[in-house]
Amino acid sequence: MSKDSRWIPLIAVVLLVCLGAICVLGVVGGTSFLGRLTGTEEATSPEGGARSSEPDAAPQAATPEAAESPEDEAEEAPPPAPSADGQVLTVPGGDPPTLDPHLSGDATSAEYVVEIFSGLVTFDRDLNIVPDLAESWEVSDDGTVYTFHLREDARFHNGKPVRAQDFKWSIERACDFRTRSITADTYLGDVIGCRDRLRDNADEVEGVQVIDDHTLEITIDQPRVYFLSTLTYPTAYVLDQENVERGGRTWTDNPNGTGPFELAEFRFGEIIALERNEDYYREPMPQLERIDFVLTGGSRMVMYEQGELDMTPVGLNDIERVTDPTNPLSEELNSIDSMGIFYIGLNNNQPPFDDEKVRQAFNHALDRQRIIDVVYKETVPVAWGIVPPSMPDYENPDLKPLEYDPDKALELIAESKYGDVSEFPDITFHVLGAGGATGRIIEAIVASYEENLGVQVDVQQTDWATFLGDLNRTENPNQMWGGEAGWIADYPDPHDFLDILFRCDSTQNHTGYCNPEVDELLDQAAVEYDEEKREALYRQVEQTVVEEAAWVPLFFGVDDWLIKPYVKDAYLPPMVIPKYQYYSVEP
Amino acid sequence: MLAYLIRRLLWLPVLLIIVSFITFALGYYGPADPIAALLGQHYDPEIAARLAHEYGFDQPFLVQYVKYLGRIIRLDFGESIKYRNQPVSRLLLPRLLVTIQLNAVASFIGVLLGVSLGVIAALKRGKATDRVVVSGVVFGRAIPVFVAGPILLFLFARTIPVLPPGGWDGIFSRSAILPVLLLAIGPLAIFARQTRAGMLEVMGRDYIRTARAKGMREMGVVTAHALRNAFIPLLTILGFLLGSLVEGTFLTETIFGIPGMGQFAFEALGGRDYPVIIAVTLLVAVAYALGNLFVDLAYGFVDPRIRQA
């Protein structure tokens, strides 16, 4: 017995030492790894993933922050202590899936990429196309050959001049199928030879020719009004061949870009720091010395109120408190229409939505104004049409929407080939979700259909990847979907909504809506250089699509941000374009 | 003993093959695919097919699986699909370090306090101390993390702003205090309950009476006889605890904004990032296997009967 008892302290010690050793190992390893982080910036919620990286997540509603904001009820905030010393801006950010411009296809990545790199042309604050690395350009009479004259003073961050050869190499890299770009087809597919290279049939992209060091000629397959705007996308940005080839698969650790900011620091899940490019070539010259994107999560509202963040997006849970005029925070609120629309998709090939009258009835049966005002606390505009109001150079004031009219809805169903709702098959509404409670907007929609039409709509939640996978199948299996999912513009042109989403054979047309007359109008608009005529054609398309009820449009996206008063010239664009060069911080 | 150890270790690869096969098959036959998730609103059947070919996803299941195994043997976990071109090991390592530090410190505190409270409660059975410990432990354990986390944040980051509202600054920073406390509650509660139960059972045994009868000091009775025997069931739990060191804690990480394994694994699941998912699964499997091995070995030390068997 006494022999046995010797073991007890020993075992206790061994166990504790084991745990202790693990602690020590972890801490030593961890501190050496994380020790570099000495700043005081701490946290922000992982919203980047939920909102910005997935183009279709609903505004405000989809922030994980919503689940963890105990501070909602508290009215007054502790006095803000400005964290801005000098020209440093601290903002929340998300972990970028990539910093490689040719690989990025999501908003989170693009947020950083557009600041570090640049291309031939870009958008200004009003979304006009303006010269970037190209100083000027000419278009041939037939509209297929673009000759770009590059700036002679533009340099990569390491001082190397930017030449036409760099563009040729970059476009050929983006069009190389081995690069695995997901956006090259969309943004460079019009360039002659790019698609061939993507399909492994060409060593070269013929449509890109170097005339001399500072002259580049790009030939496209047919005249396309929107072509220049596709060149604003990161897929068409210029990279430094040496940088990419030397760095191998992870060359983006030390990217040698041309943009207004340089990557200074990047630790996954912690921080991305950008520093001003002192030799930037173009006005406006960046004012900020440094931008710290805080990638760790936590409650960003609290961090903002404690002055640890200079800006923060506002989630649905906080919006009511923040818009309250008696709350001092309301003066720091900035709202911007994002170029996105949220809708209920109706499968035009599946009963009962294969009958136009039923689809119209589902539009008329929903009191959209009331539902959206209640759910989103009057912060987002109802979508009566398809194209968001933030679209530059496009409006459709005469659009005749399908307004709330439950009696008309019932009449339409009576006139439809089904005659009565009892003849409808079961209707399933596919929404984004992971098994928790559905969004309030979904509940309101389902309740409205039951109340106004007597139709029982079953809700089925699917996770993001499954949701997308289903929509993209050759035969979309969903009967009715969306609500908190939508479409966000890739480029600011009605083409990106009306053509991409409603043309008969478009891969993004998940509804199966098909009207040859609409296609005809879309074809005309795509080659119409006269702005007014083009706008008129798109208005006509929009009216037809609304009337024939391919969707039930719900609302247009709005981003709400709190911005500290000492952040000057804050510019919130409706889509991801370079923006931090406009910002400055008051000391 | 050595032979036993070697035999057990030889089983490890078999276990890993089984685990990887199941994970791989679930991914292969499950709904949605990583390419669709990657393409998002840029989906196009032609692009999807091209990328699937590039990633080798168009090959038959067994071919893909065997190729994957071949790489795993060389400790190459492949590249993430969502985090394009990034090696999985490189993405995983920093998160793993954060999670291990956090869990180790929390477990250490939890076990230490849990065992002490359990012993105290057992010795003061039925008295006020016992009741306070037992009810406190049940109460602490009953509050879910997603309630306790925000409440703690509200108290210590907002009402009395002494601690940061989240983030990660290393284990020795103020930002680690609240998450460590929260994470320690679990092991604390289990160890306190189990220790108390084990001690109570043991304290009634004949050999305890014998030890007391022969005049042993009470302290010696408790540590040498009671605690040692009460420890055996605790070892099993400790094994699980060791295994769980590498497991992320999604809720705690999300609430406090900690860049650990939980968030990362959750995100990988959402994006069907299979190379990451499988690597995480294998890692957790190895940790549990080693944790259990440790337990079995420790049993041998604590209980000679097991050693001989």
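A:Leu127 lies in the chain A loop that links strand S2 (121–123) to strand S3 (129–131). Keep in mind that this is a predicted model. The residue is not a glycine, yet A:Leu127 has a positive phi of about 60°. Is A:Leu127 buried or exposed? A:Leu127 counts as buried because 22 other C-beta atoms sit within 10 Å, and the cut-off for that label is 20 or more.

Chain A also has a couple of cis peptide bonds to look at. One joins A:Glu283 to A:Pro284, with omega at about -5°. Its proline, A:Pro284, belongs to the loop running from strand S9 (271–276) to strand S10 (290–294) of chain A. Another cis bond links A:Pro351 with A:Pro352, and here omega is about 0°. You'll find A:Pro352 in the loop that leads from strand S12 (333–346) into helix H12 (356–364) of chain A.

## Chain B at a glance

Over to chain B, which has 14 helices and zero strands. Read from the N terminus, its elements simply go α-α-α-α-α-α-α-α-α-α-α-α-α-α. Along the principal axes, the C-alpha atoms of chain B take up a box of roughly 85 × 60 × 30 Å.

Chain B has 309 residues, and 45% of them are buried. How much of the contact set in chain B comes from residues 24 or more positions apart? Among contacts with a separation of 6 or more, such pairs account for 71%.

## H9 against H10

Now for a helix pair in chain B. The axes of helix H9 (residues 206–213) and helix H10 (residues 218–243) of chain B come within 10 Å and cross at roughly 150°. Since that angle is over 145 degrees, H9(B) is roughly antiparallel to H10(B). As for handedness, H9(B) passes H10(B) in a right-handed crossing.

From H9(B), the contact uses B:Tyr207, B:Ile208, B:Ala211 and B:Arg212, while H10(B) brings B:Val221, B:His225 and B:Ala226. By class, that makes five nonpolar residues, one polar and one charged.

## A buried arginine in a chain B loop

Chain B has a positive-phi residue too. B:Arg272 is not a glycine, but its phi is positive at about 55°. B:Arg272 sits in the loop between helix H12 (261–270) and helix H13 (274–302) of chain B. Why does B:Arg272 count as buried? Because B:Arg272 has 26 C-beta neighbours inside 10 Å, against a threshold of 20 or more.

Methods: Residues numbered from 1 in each chain as written. Chains lettered and ligands numbered in written order. Predicted model: local features only at pLDDT ≥ 70, side-chain atom pairs only at ≥ 80, totals over all residues. Axes fitted to C-alpha atoms, helices over the stretch in contact; angles between N-to-C directions. Helix = DSSP H or I, 4+ residues; strand = E, 2+ residues; numbered from the N terminus. Parallel < 35°, antiparallel > 145°, perpendicular 65-115°, else oblique. Left-handed = near helix turned anticlockwise from the far one by under 90°. Contact = placed C-beta atoms within 7 Å. Nonpolar A, V, L, I, M, F, W, Y, C, P; charged D, E, K, R; others polar. Buried ≥ 20, exposed ≤ 12 C-beta atoms within 10 Å, placed from the backbone.
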